[in-house]
Amino acid sequence: MSDNIFNIQHNYLVLLAEIEEEGGVLTPELEQEIESNERDFNNKVENYVKMIRHWEGEVNTIKNEIERLNDLKNRKEKSIETLEDNLSEALQLRNIDKLTVGTNKLSFRKSETLEVTDPEGVPEEFIKSVTTESIDKTALKKWIKDGNTTDSAYIKENKNLQIK
């Protein structure tokens, strides 16, 4: 049957309501419909699990490809940096500030960077203080489990699907 899981569930609830209307009596027809619904449900669950496993495999393949491409990108960026450094050293050795080769123009531009040699000696007005706060959820959960209460947090029990 090609019903989706929501229709199968709806049909199951309709069957349960029919059984209730019959005073809890399970007629052979209702029993047959419940068995059919159960088969449809089990087939649908099996197909869902197959699809989940298939997509998990695709996600792993994509993750591995992303890692491979990131490694390749990093190697290319490092190669570019090495070539640029070699070129810069060669031009500076020859005291060349500007050079045109074919359709390429090379030149140096001046820039400034601040080098801090002694962080302890920097005036206080230039020191930034960064503070972050976070909740220690592990300790708070243990505290609540030990019998303490707060209006700010509670332990929620979840049901997580596990596919083996």
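A pocket, as the word is used here, is an open set of points on a 1 Å grid over the protein atoms alone, with protein on both sides within 12 Å along at least five of seven lines, and its lining residues have an atom within 4 Å of a point. A volume is the space filled by probe spheres set on the points, with grid points joined across faces, edges and corners. The model described here is predicted, so local features need pLDDT of at least 70 and side-chain atom pairs count only at pLDDT 80 or more, while totals for chains, interfaces and linings use all residues. Residues are numbered from 1 along each chain as its sequence is written, and side-chain values use heavy atoms, with hydrogens and water left out.

The largest pocket has a volume of about 170 Å³. Its lining is made up of I135, K137, L140, K141, I144, S152, A153, Y154, I155 and K156. Sorted by class, six of these residues are nonpolar, one is polar and three are charged. In this sorting, Ala, Val, Leu, Ile, Met, Phe, Trp, Tyr, Cys and Pro are nonpolar, Asp, Glu, Lys and Arg are charged, and the others, Gly among them, are polar.

Helix 3 covers residues 137–145 and contains K142; helices (H or I, at least four residues) and strands (E, at least two) are DSSP runs numbered from the N terminus. A salt bridge is a side-chain nitrogen of Lys or Arg within 4 Å of a carboxyl oxygen of Asp or Glu. K142 is exposed at 52% relative accessibility, and D146 is exposed at 53%. Exposed means over 50% relative accessible area, buried under 20%, and partly exposed in between (1.4 Å probe, protein chains only).

How many salt bridges does the structure hold? There are four. Side chains of opposite charge can pair when their charged atoms come close. In helix 2, E65 and R68 lie three residues apart, about one turn of the helix, and they form a salt bridge with closest N and O atoms 2.6 Å apart. Both partners are partly exposed, E65 at 34% and R68 at 45%. E77 and K73 make another salt bridge, at 3.6 Å between the closest N and O atoms. These two are separated by about one helical turn because they are four residues apart in helix 2. E77 is partly exposed at 41% relative accessibility, and K73 at 42%.

D3 lies in the segment before helix 1 (5–21). This residue is buried yet has no salt bridge, and the nearest side chain of opposite charge, K44, is 7.8 Å away. For charge, Lys and Arg count as positive and Asp and Glu as negative, whereas His and the chain ends are not counted. The side chain of D3 does make a polar contact with that of N11, at 3.5 Å. A polar contact is a pair of N or O atoms within 3.5 Å; within protein, one must be able to donate a hydrogen and the other to accept it, and residues adjacent in sequence count only if both atoms are side-chain atoms.

The loop between helix 2 (28–93) and strand 1 (98–101) holds N95. Most residues other than glycine have a negative phi. The phi of N95, however, is positive, near 55°. N95 is exposed, with a relative accessible area of 67%.

Terms used: On a 1 Å grid over the protein atoms alone, a cavity is a set of points where a 1.4 Å probe fits but cannot get out, and a pocket is an open set with protein on both sides within 12 Å along at least five of seven lines; lining residues have an atom within 4 Å of a point.
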